[in-house]
Amino acid sequence: MAVNRVPVLKRCRSLGLDPVFLGVDKKSKRELKRANKKLTEYGLQLREKQKAKFIYGVLEKPFHNYYLKAENMPGMTGENLMIMLERRLDNVIFRLGFARTRREARQIVDHKNVLVNGRCINIPSYLIKAGDTIEIKEKCKSSQRYKDIVEVAGARLVPEWLEADQENLKGTVKEMPTREVIDVPVDEMLIVELYSK
């Protein structure tokens, strides 16, 4: 299984991305030194794709598969792609405030600590649907780890398409997200242009 071991702040710096979007509070004091290099059109498109992959923690092959699915869905391909990435179970756990970062959310799902509609799901790429209830297993709720997480991530704003109960570590998907409510700084049209070449 491929694992992304890139240092987060270094990657954020190279992509021109604020670490806050990943749930990381640290800031890098270093400046990126590019000797007045102007990015080509392809370079801009590639950077947007790398940004989306890095934010959601998806590798190349699954990302391409998401694109192919999004292409076959009705509506705009770029918007469908962003909505599918936002519906991933690890991302929803992060959005509900049950994890500090998306990487931690992925680990929580991998360790079988999450129930979706009462069923244990350990697949981070599982796509949630409207009406799904997501909760942390009973035996894990009392652990110190989740108390610390809620203390740190509880202040984070939960998107309007989700409803979170921080006390009981439980959340509900009220509706499917739309592109307008996804606050990720990615221009999905450039990704579509890149793949449609």
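**View 1. Surroundings of Asn80.** Leaving aside neighbours within four places in sequence, Asn80 is in contact with Ala70, Met73, Pro74 and Gly75, contact being taken as heavy atoms within 4.5 Å. Asn80 is found in helix H4, residues 77–86, where helices (H or I, at least four residues) and strands (E, at least two) are DSSP runs numbered from the N terminus. The side chain of Asn80 reaches the backbone oxygen of Ala70 at 3.3 Å. With a relative accessible area of 9%, Asn80 is buried (buried means under 20% relative accessible area, exposed over 50%, and partly exposed in between, with a 1.4 Å probe and protein chains only).

The model is predicted, so that local features need pLDDT of at least 70 and side-chain atom pairs count only at pLDDT 80 or more, while totals for chains, interfaces and linings use all residues. Residues are numbered from 1 along each chain as its sequence is written, and side-chain values use heavy atoms, with hydrogens and water left out.

**View 2. Asn117 in a loop between two strands.** Asn117 is found in the loop between strand E1 (114–116) and strand E2 (119–120), and its phi is near 55°, a positive value in a residue other than glycine. At 45% relative accessibility, Asn117 counts as partly exposed.

View 3. Phi of Leu169 is near 50°, a positive value in a residue other than glycine, and Leu169 is buried, with a relative accessible area of 3%.

Notes: Polar contact = N/O pair within 3.5 Å; in protein donor to acceptor, adjacent residues only side chain to side chain.
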